[in-house]
Amino acid sequence: MNQKEFLKRVRETVEDYIAGEEGYSDDVQLEINTTDWSMDIADPENDLPNCDYYPIMDLVKMSVDEPGKWMPDEEAIESIAAEYVFTND
């Protein structure tokens, strides 16, 4: 997986959370399976092997244009990507 695809997947997962945030607790996490790079919104109790976890609320910010609405925090998402090494494919 390359960095561009990784960022896209994280952003899409965060957008899925925002679209259905009322169905989740505030402490849900982004789960990244480092074996196959699948991503999901996970219960904070999860601690699966080969998975990394990041609090979803750390990956959103309030919209400047639409107060009261969440949006993906691009800087926070990019900081997660900085923790991994990507190929140039």
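Two strands pair if DSSP finds at least two bridges between them; strands (E, at least two residues) and helices (H or I, at least four) are DSSP runs, numbered from the N terminus. This is a predicted model, in which local features need pLDDT of at least 70, side-chain atom pairs count only at pLDDT 80 or more, and totals for chains, interfaces and linings use all residues. Residues are numbered from 1 along each chain as its sequence is written, and side-chain values use heavy atoms, with hydrogens and water left out.

**Exercise 1.** Find the strands that pair with strand 1, and the sense of each pairing.

Solution.
- Strand 1 pairs with strand 2 (residues 39-42) in the antiparallel sense, over 4 bridges.
- Met-39 of strand 2 is the bridge partner of Ile-32.
- Between these two strands the hairpin has 5 residues, and Trp-37 takes a positive phi near 65°.
- Strand 3 (residues 51-55) also pairs with strand 1 in the antiparallel sense, over 5 bridges.
- Tyr-53 of strand 3 is the bridge partner of Glu-31.

**Exercise 2.** Determine how strand 1 (residues 29-33) is covered.

Solution.
- Of its 5 residues, 5 are buried (under 20% relative accessible area, 1.4 Å probe, protein chains only).
- Gln-29, Glu-31 and Asn-33 point one way, Leu-30 and Ile-32 the other way.

**Exercise 3.** Describe how helix 1 (residues 3-19) and helix 2 (residues 74-81) are arranged.

Solution.
- Their axes come within 10 Å and cross at roughly 130° (lines fitted to C-alpha atoms over the stretch in contact, with angles from 0 to 180 degrees between N-to-C directions).
- The two helices are therefore oblique to each other, since angles under 35 degrees count as roughly parallel, over 145 as roughly antiparallel, 65 to 115 as roughly perpendicular and the rest as oblique.

Conventions
Buried means under 20% relative accessible area, exposed over 50%, partly exposed in between (1.4 Å probe, protein chains only).
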